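Here is a short report for a reader new to this structure. Look over the sequence and the model before reading on.

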Amino acid sequence: MPTPKEKTDFSDRLKFSMTRAPEKMRGATDLALHFNLRYHGEPVSPHKLATLAEWFKVEQHWLHYGPPPSGNPQNAPKPITHDEKYPASEETLELASKIEALSSHHRYLLEELIDQFYGTGGKR
């Protein structure tokens with residue numbers, strides 16, 4: 001059984017990892033939604049942890065246990081800047097293909113919608 005401190009530390013590492021995700025998440029509901037889009041199978045914790053680590057591009061061991069006892073900070077993932085590019089996932093490529101297949105008018109509408117989510121006010 002994890003101790004209360006281990007649970008708190010895991011929660012902190014998970015929250016930090018969420019800030020590095022390509023999708024902006026506002027809480028547990030968004031986390032669950034995006035997680036369920038990636039994970040297919042029975043609810044087995046080690047598999048979920050592996051899915052989370054792969055998604056957030058962090059080491060599974062670090063996410064679960066934190067840094068090694070040596071406290072080597074090189075093992076902790078570095079924050080990703082807001083405008084840094086992420087490697088294209090299968091889901092991203094599939095979505096891009098669907099967007100590309102839209103009419104130019106529908107692509108324009110979709111771009112406007114995305115601008116509204118990101119608050120760019122039409123600036124690209």
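This is a predicted model: local features need pLDDT of at least 70, side-chain atom pairs count only at pLDDT 80 or more; totals for chains, interfaces and linings use all residues.

Residues are numbered from 1 along each chain as its sequence is written, and side-chain values use heavy atoms, with hydrogens and water left out.

**The chain**

The chain has 6 helices and 0 strands. Read from the N terminus, its elements run α-α-α-α-α-α. Helices (H or I, at least four residues) and strands (E, at least two) are DSSP runs, numbered from the N terminus. The chain holds 124 residues, and 21% of them are buried. Buried means under 20% relative accessible area, exposed means over 50%, and partly exposed lies in between (1.4 Å probe, protein chains only). The accessible surface comes to about 9,700 Å². Carbon and sulfur atoms account for 59% of that surface. These areas come from the Shrake-Rupley method with a 1.4 Å probe. Take the contacts (heavy atoms within 4.5 Å) between residues at least 6 apart in sequence: 50% of them join residues at least 24 apart.

**The core**

In soluble globular proteins, nonpolar side chains tend to be buried together. A nonpolar core is a set of buried Ala, Val, Leu, Ile, Met, Phe, Trp, Tyr and Cys residues joined through side-chain atoms within 4.5 Å. The largest one here has 15 residues. L14, M25, L31, L52, W55, F56 and L63 touch the most other members. Helix 1, helix 2 (28-38), helix 3 (45-56) and helix 4 each supply at least two residues of this core. Helix 3 gives the largest share, 5 residues. Leaving out residues up to four places away in sequence, L52 touches L14, L31, F35 and L63.

**The second largest pocket**

A pocket is an open set of points on a 1 Å grid over the protein atoms alone, where a 1.4 Å probe fits, with protein on both sides within 12 Å along at least five of seven lines; lining residues have an atom within 4 Å of a point. The second largest pocket holds about 260 Å³ of space. Its volume is the space filled by probe spheres set on the points, which are joined across faces, edges and corners. P2, K5, E6, K7, D9, F10, R13, H64 and Y65 line this pocket. Helix 1 (4-19) and helix 4 (60-65) each give two or more of these residues. The largest share, 6 residues, comes from helix 1. By type, the lining has 3 nonpolar, 1 polar and 5 charged residues. Ala, Val, Leu, Ile, Met, Phe, Trp, Tyr, Cys and Pro count as nonpolar, Asp, Glu, Lys and Arg as charged, and the others, Gly among them, as polar.

| Residue | Relative accessible area | Class |
|---|---|---|
| T19 | 53% | exposed |
| G27 | 25% | partly exposed |
| K57 | 40% | partly exposed |

T19 is in helix 1. Its C-alpha atom is 8.8 Å from that of F56, 37 residues apart along the chain. G27 sits in the loop between helix 1 and helix 2. G27 and K15 are 12 residues apart in sequence and 9.1 Å apart in space, C-alpha to C-alpha. K57 belongs to the loop between helix 3 and helix 4. K57 is not a glycine, yet has a positive phi of about 55°.
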